[in-house]
Amino acid sequence: MTISLYHLEYFLLILVRISGFMVAAPLFSLRNIPMRAKAILAIAIAVLVFHVVPYKEVEYSTTIGYALLVGSEMLAGVIMGFMANVAYYILAFAGQVIDQEIGFSMVNQFDPITSAQVTITGNLYTYAVMLMLFATNMHCYMVRALTDSFTVLPVGSVSLNIGIYELMKHFMVDYFVIGFRIVLPIFASLLVVNTILAILARVAPQMNMFVVGMQLKVLVGLVVLVLMVMMITGVADLIFQEMMSMLKGSIYYLGGN
């Protein structure tokens, strides 16, 4: 196959979109992954997409026009990656609420997924869901969705749509719904503990419920967290469904639909 200047321009636009996705997508955007490895992976995917997707001549008039095409492709890749990555913020929210209920809210750790300080339970769920992402080949699904976007959203046809804001509004609802579904076992068990402590405070006022309550909450919270390990697969399923929904929605609305 003869590679002309027009083919090279088309290939560079494909590479820009894939590179933008790598910058913001979950797993691929981790800082501890070498940049050289990310660049090689992006080039390899771009070469495969270039040979699979039918060539379509990109229309532009000047150098500025081509620069605008490069910017739009980069923006499309970043938006798709961010929409997939934003589902991980639900785990940080759920972990913060859980640790606030137990009494671990003062202990924070750095989360490499969101690049922010999160609580220890949030980090626990983040790493557990990341392992489930590998186990279920979810990273392969994201790569397939990225490559399929060149069919649904051809190179040079990116256009922002008001539906992107509607997609984020839908996510904000799911953010609290899914987050509280994860927190519910801890919240329910500690609600029972608080009720028992309130009854004991009325029955035996001489007891120091502040000291007893703090230790009891930590004990019950840790026991429930151990029992919730069996629910990790369900939590990962909720996060992956939200991730797929956001990724599909971003590709749909970037096409101007």
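Contact here means heavy atoms within 4.5 Å, and helices (H or I, at least four residues) are DSSP runs numbered from the N terminus. On that basis, Leu91, Gly95, Ile98 and Asp99 in α4 meet Ile120, Thr121, Gly122, Tyr125, Thr126 and Val129 in α5. This is a predicted model, where local features need pLDDT of at least 70 and side-chain atom pairs count only at pLDDT 80 or more, while totals for chains, interfaces and linings use all residues. Residues are numbered from 1 along each chain as its sequence is written, and side-chain values use heavy atoms, with hydrogens and water left out.

Now for the packing. Two packed helices are described by the angle between their axes and the distance between the axes. Axes are lines fitted to C-alpha atoms, for helices over the stretch in contact, and the angles run from 0 to 180 degrees between N-to-C directions.

| Helix pair | Angle | Axis distance |
|---|---|---|
| α6 (residues 138-152) and α9 (residues 232-254) | about 15 degrees | 10 Å |
| α1 and α6 | about 145 degrees | 11 Å |
| α4 (residues 89-102) and α5 (residues 120-135) | about 145 degrees | 7 Å |

Back to α4 and α5: α4 passes α5 in a right-handed crossing (right-handed if the near helix is turned clockwise from the far one by less than a right angle, left-handed if anticlockwise). Their contact residues divide into five nonpolar, four polar and one charged. Here Ala, Val, Leu, Ile, Met, Phe, Trp, Tyr, Cys and Pro count as nonpolar, Asp, Glu, Lys and Arg as charged, and the others, Gly among them, as polar.

Next, α6 and α9. Their angle of about 15 degrees makes α6 roughly parallel to α9 (that is, under 35 degrees). On the α6 side, the contact is made by Met138, Tyr141, Met142, Ala145, Ser149 and Val152, and on the α9 side by Phe240, Met243, Met244, Leu247, Lys248 and Ile251. By class, that's 10 nonpolar, one polar and one charged. The crossing of α6 past α9 is right-handed.

Helix α6 also packs with α1. From α1 come Ile14, Arg17, Ile18 and Phe21, which meet Met142, Leu146, Ser149 and Phe150 of α6; the classes are six nonpolar, one polar and one charged. α1 itself (residues 5-24) reaches 29 Å from its first C-alpha to its last, close to the expected 28 Å (1.5 Å times one less than its number of residues). Of its 20 residues, 14 are buried (under 20% relative accessible area, with exposed over 50% and partly exposed in between, using a 1.4 Å probe and protein chains only).

Finally, Glu57 sits in the loop between α2 (35-52) and α3 (63-85). Glu57 counts as exposed because its relative accessibility is 55%. Its C-alpha is 9.4 Å from that of Glu9, 48 residues apart along the chain.

Note on methods:
Helix = DSSP H or I, 4+ residues; strand = E, 2+ residues; numbered from the N terminus. Parallel < 35°, antiparallel > 145°, perpendicular 65-115°, else oblique.
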